[in-house]
Each structure stands twice: as structure tokens, then as C-alpha cells.
Amino acid sequence: MKDTRGEQVFYTLNYIVLSLIALSCILPLLNVTALSLSGANAVMAGRVGLWPVDFSLFSFESLFKGTPIVRSFWNSVEITLIGTALSMAVTIMAAYPLSRKQFYSRRFFTMAMVFTMIFNGGLIPTYLVVQKLGLVNSYGALWLPGLVSTYNMLIMRSSFENLPKEVDEAARIDGCSELGLLFRIVLPLSKPMLATLALFYGVGYWNSFMSVMIYINDTVKFNMTVLVQNMIKSTSLVQDFSDPTMVSNLTPEGVRSAAVIVMIVPILAVYPFLQKYFVKGVMLGSIKG
Amino acid sequence: MKAARTVRGPVFRPGDKVAKHRTRQQALRRFKSNIPLLIMFVPVILFYVIFRYAPIGGLVLAFKDYNFYDGVLNSPWVGFQHFQTLFQDSRTLEIIRNTVGLSLLSVVFGFPIPIILAIMLNEVRNMGFKRTIQTIVYMPHFLSWVIIAMMVTTVFSMEHGIVNNLVEKIYGEPFAFMYSKGSWIAIFVGSGIWKDMGFNAIIFLAALTTIDPSLYEAAGMDGASKLRQIWHVTIPGIRPTIILLLILSMGRVMEVGFDQVYMLQNSNVNQIADVISTYIYRTGLQGAQFSLTTAMGLFESLVAFLLIFSANYIARKFNEGLW
């Protein structure tokens, strides 16, 4: 069937508007990349648009030499890898029993957990608990209070429940134990969902800001988010720079942009591979709430 | 069928000795398979008790005068004194107003956009184009507010931001977008929408796949234009999802993300940009006024709780409730 005139107009407009929306998501990134790769004079004069002007790696050089970005990068990596592993482990430990029909009082436990999604103690009481446990200024304060996201746990539980019953029964007859069932059948069958939740937890830890600012006092332990935020807020951008000619060549925008690029690259590196999974994960979450 | 029946063994009647034996065996088996599950579950219980329920217990601080030496349990009770202080102070009232105002604006303007985006994506017939657009618009959701705030301030910067370059060409002088109240609110709401519109559209896209394509054909036969088809077929088709998500977002009206406000804030717009979470951080943690800010936190949690309950109550009238 041929499109009517009205439909042609509709489809054309649709393509144009969607392209504009997508451009709005790409252009700021291109602008930041261009700023980070441009010469100081061009940045100062505001001549940098979407393409580097007077290409130079000076912003990156001063970022790596003059700021503790490398250390905070590895701090972020440590926080993210260990945090994600811990969160995934405990979320599985919560979701798997709750997905088993024979588990005692699974309804009660589910209700008790969902309740904490709609009512919570808030910042100060949580801070006092963390302080009482002696976790202040250690990464334990970042990992433990947010160990399980109830929302992610519910997604995982319903995904486990939706696995075909026959596989479960077959494994039973073959004498599979409860833990064997989890490790040999349930987890391998749930790989896409596990990848999704690992991405969600990982991005959360990578971007963690407020918790680091609240619980970590030692600047050596700062992650990139807090370091970059401090760089943006403070006027003295680069510390301990001995060479005065380097300082005169510096632009705050250039160094900030370089820092932002360093923060984005790891996310952009894993994002395309996990994209097809997380769409499923979000959809699963939407169905069972 | 017959063969299957013989394999299943004898039929047990109630009161049968064998049957009793069997149920006890079942109970035992259930218990046995519960042991590893329960052991596995112990850390989970500990986590929820320590980090979710203990802080809820810690809310008693709102009715006490906390001091470091007596601790949470032994500090003296003061009743509703902190609440009185909060609701008599014009500054805290302003902060509550800002919180509700900013998030209501975010809901009102931000809620329809993912729906529109999902409907537009759904109408794209070129799958490659659709996938490319989706990959791009989901991405900002995964960037931290530090990055987005930095981009926003770069784009709207007074000296050489792209937007102000244009404004300068037209009006002769730049405009202080980040420092004027009206434009700050617009940028705040807009950046929130921009970050999450793609990601929030996923759920609506999922709902759209469940609509029967024959409905569109029938509507097309009857001469309905594309926009009329969207109005009479698409939107009713995803109505349950829309209502469900509206409830959830109403429940979050008391919650403006800390990161977004904190990073976009500046002293010029503090009067409208200070919200409960930044207030609790500054006055509570940095100013060590634990009891007063716990009272503020309790007020926030209670209102959020009531909002979710009443939104759900209304939704149940449409048979779309969460519980």
C-alpha cells in the first residue's frame, strides 16, 4: 500500500525530529572532545566548536602530570569492580531463595524488602549506622550501605521465576542439589539479565559521588567523580605544577574536558556490548514492578 | 497417557498410612532444600536489618536532641520541637517549596517526553535508523551528573559557550543562563529530561510491542490519519503502563536527585535551587545538626510514603494499582 500524502509528511517529520534529538545527545560530547584536543588560545577565544582547533594534547598532558587523575582513576576502578562483584553476589543470594517455591516465608521477606523502597531512614540515620560500624573513610562505606538494590533484586527474582520449570525438574531427577541447581542451571541460563544488572551496578559505582563525598575524607582515596567535581569548583585547577610556562598555557576548559573524556571512555567502551541486554532487563522490570 | 499413569505409582487416599509417610518425607525434603537457601539468605537479612531497618529506627533522632556523648539511644527526648523549628523557619519552608516545585516541574514536563519519543521510535520503519537512534539516546543515562553538569555549563557559559555565541550575534550581549532564576530552572528541568528521556522510553517501547497491528490496519481502512491512529490506538494501548509509571513518579515527587542539584547549583540561584537533600547534607552533615535534619528527612519520607499510597489509591479506581 502506498503512503498517503499525510503519512509521507508524518514520516519525514518523524525522521527529522528523531535525528535532531540524537544530535542533541552527540553534539555536547563532540564539543567536549574538541575542547580537550584544542590549543589553549583557540579555547580561550571560543573558536572551538565540534572539531579540534590547533590540535594539541597539552590538556591531557597537564591533566595526567598536574592532577592525581591517574590515582583516582584506579580508585574508581577498584570501587567499581569490587562493588559490582559484591552487589551481584548478594543480590543473587537474595533473589535465588525468594524465587524458590519451597522457601519459607518468601512472601514476608519480599514485602519487608519492598517496604524499604517506599520508606527509608534517610541520610543522617544511615550515616550514623555507617559511622558506628567504623566504616567512615574506607570503601566499605561505599559498598555496604548500597549492597543490594531492591529494584534490581526484584528484576532478578522474576527472571529466575520465569525460567522453564522442566529444566528444574529434570535437574532434580538427576540428583542436582539446591546449590548445584543455582550454579549449573539457573545462573548460566540468566546471563543476559546478569549482564544487565552488572551494568546498572557498575555504572552506579563508577559514577558514585554523594557517598564518596560523605564518607571519604582522605583525598588520596577520592574517585574520579569527586576529583573532577573539585577541579570544576575550585579555582586552582592544577596542583603542584613547578613549571610556570605550563601553567600559563593552561585553560580550565581544556583540562576539565580532558578529565571528562577520561571518565567517559570506560563507559563508552562497555556500553555498546551491553546495550542489547539492558533493554530486556528494563522491560522485565517494567512487567513485574 | 496410560503408560504415564502406571509409572506414577499407586494413588494415595486421605488417611492412608503411606500417604502420611509421604507428606512427612516431603516436609523433610522441603526442610533439607531450605537449609542451603536459608544459609545463603542470612547475609541478606543482615544487610536489610543493618542498613535499611536500623536507619528507620534511627529516625527517633527527629524527636531527640542528639549529642555525641549520649548517642542515639540516650540523648534526651524533645518531642516535636524540631518540627516546630522547621515549620516556623521561612528558609526551610522555602527549601520544601523548592523541592516540591522542581520535581513537580520535572514530572509535568518530563513525563510525556519519553512517551512521545517511544511513539516516534515505534513509527520508524527503517530498523537500522531506529537502532542507531536508540543507542544514542539511551547513552546520557549512563553518564554521571558531573559530566552532564560540566557539559551544560560549557554550552551555556557566559564567555564562550555555543549558545551565548549565538545570543551575542543576535542581541549584542550574552545572557547569564546559569545565574538567572528562570533560565536556571529551565536548564535544570531540561537537563534532567535530556539525560533520561531515552532510557525512560524503553518501558513504553516494550508496551507498544504488545499492541495488535490489525488495529492500525482497521483504523487505516476507516480513513484515520497517522495522528488519529496514534491518538485512538497507540495511546489507549499503552494506557496501563502510562498510569503505572505516573504513580511511581508521583511517589518520587519529594525526591530531587542530590547530584543534579548539587552540581548545577550556584550562589546566585540558591534561593530557588536549595532542596531538602542539599539542605540535609549541608546543615546536617557539615553543620552537625543531626536531629533537626533527621526531622526534615522524616518529613520527606512520610510525605513520599503518603504520595505513593494516595497515587496508588487513585490508580486502583482505574484498575491499574500497584498493589
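Chain B puts 80 residues in contact with 88 residues of chain A, contact here being heavy atoms within 4.5 Å. The model behind these numbers is predicted, so local features need pLDDT of at least 70 and side-chain atom pairs count only at pLDDT 80 or more, while totals for chains, interfaces and linings use all residues. Residues are numbered from 1 along each chain as its sequence is written, chains are lettered from A and ligands numbered from 1 in the order in which they are written, and side-chain values use heavy atoms, with hydrogens and water left out.

Let's stay with the interface. About 8000 Å² is buried between chain B and chain A, with carbon and sulfur atoms giving 78% of that; buried area is the accessible area (1.4 Å probe) that two parts lose on being put together, summed over both. Helix H2 (residues 17–57) of chain B gives the most to the side that touches chain A, with 21 residues. Helices here are DSSP runs of H or I, at least four residues, numbered from the N terminus. Sorted by class, that side of chain B has 60 nonpolar, 14 polar and 6 charged residues (Ala, Val, Leu, Ile, Met, Phe, Trp, Tyr, Cys and Pro count as nonpolar, Asp, Glu, Lys and Arg as charged, and the others, Gly among them, as polar).

What about salt bridges, meaning a side-chain nitrogen of Lys or Arg within 4 Å of a carboxyl oxygen of Asp or Glu? Between chain B and chain A the count is 0, while over all chains it comes to 7.

Start with chain A, where Lys65(A) and Glu61(A) form a salt bridge, their closest N and O atoms 3.1 Å apart. The two sit 4 residues apart in helix H3 (residues 58–66), so about one helical turn separates them. Lys65(A) is exposed at 55% relative accessible area and Glu61(A) partly exposed at 35%; buried means under 20%, exposed over 50%, and partly exposed in between (1.4 Å probe, protein chains only).

Another salt bridge in chain A joins Arg106(A) to Glu161(A), at 2.9 Å between the closest N and O atoms. This one links distant parts of the chain, helix H5 (residues 106–118) and helix H8 (residues 150–161), with the partners 55 residues apart. Glu161(A) is buried, at 18%.

Over in chain B, Glu123(B) and Lys226(B) meet in a salt bridge of 3.3 Å, N to O. Glu123(B) lies in the loop between helix H6 (112–122) and helix H7 (127–138), and Lys226(B) in helix H12 (residues 226–237), 103 residues apart. Both ends are buried: Glu123(B) at 8%, Lys226(B) at 11%. Chain B also has a network of salt bridges linking Arg91(B), Glu94(B), Asp274(B) and Arg282(B).
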